Amino acid sequence: CSNIIEQLKYSMRWLMMQLGNPKFTTNFYYKGVILMKVLYHPDRDDIQLSSVLYALSDPIRLSVVAEMRRSGERPCNYFEVPIAKSTLSHHVRALREAGVVFTRIQGTQRFMSVREEDLEYRFPGLLDSILQAYEKSDPKDKSTISE
């Protein structure tokens, strides 16, 4: 049975390479079980300024991006934020679909990293400016994050 599942996973990876980057999150099933989930990440040239600015306008998302930038790739459960896991998942999805972060799936864990090179290519200096302003901001402006 595990050999069949491995063959199916290989076939799905081949199919995804043929299709390119899907414009939505895609699940592949075998007998009602999700075998592989393919997450949507916009291509570098498809990242829109308005989407990036909207994603970074939320203090929780901004704090997550700032922490990732300082510490590098991290699992989703690494961040200590005063919100429910489902709400954090929503914020991570908004960042991913805007092109701010990349989510890598390894087994049952998801690892996130900032797409610095892509953002710098599309909007030179934007991420640096926003994160520098965030770091210089008044600590009480960040209080919703650290509580």
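Predicted model: local features only at pLDDT ≥ 70, side-chain atom pairs only at ≥ 80, totals over all residues.

User: How many salt bridges does the count come to?

Analyst: A salt bridge here is a side-chain nitrogen of Lys or Arg within 4 Å of a carboxyl oxygen of Asp or Glu. By this rule, the count is eight.

User: How far apart are the closest N and O atoms of glutamate 67 and arginine 70?

Analyst: Both residues belong to helix H3 (residues 59-71), where they are three residues apart, about one helical turn. Helices are DSSP runs (H or I, at least four residues), numbered from the N terminus. Glutamate 67 is partly exposed at 21% relative accessibility, while arginine 70 is exposed at 52%; buried means under 20%, exposed over 50%, and partly exposed in between, with a 1.4 Å probe and protein chains only. Their salt bridge has its closest N and O atoms at 2.8 Å.

User: Which residue forms a salt bridge with aspartate 128?

Analyst: The closest N and O atoms of this salt bridge are 2.3 Å apart, and the partner of aspartate 128 is arginine 69. Aspartate 128 lies in helix H6 (residues 126-136) and its partner in helix H3, so the pair ties together parts 59 residues apart in sequence.

User: At what angle do H3 and H4 pack?

Analyst: Two packed helices are described by the angle between their axes and the distance between the axes. Axes are lines fitted to C-alpha atoms, for helices over the stretch in contact, and angles run from 0 to 180 degrees between N-to-C directions. H3 and H4 are roughly perpendicular (65 to 115 degrees). Their axes are 10 Å apart, and the angle is about 70°.

User: Which residues in H4 meet Ile60, Arg61, Val64 and Val65 in H3?

Analyst: Contact means heavy atoms within 4.5 Å. On the H4 side, the residues are Leu88, His90, His91, Ala94 and Leu95.

How values were computed: Residues numbered from 1 in each chain as written. Heavy atoms only, no water. Helix = DSSP H or I, 4+ residues; strand = E, 2+ residues; numbered from the N terminus. Parallel < 35°, antiparallel > 145°, perpendicular 65-115°, else oblique.
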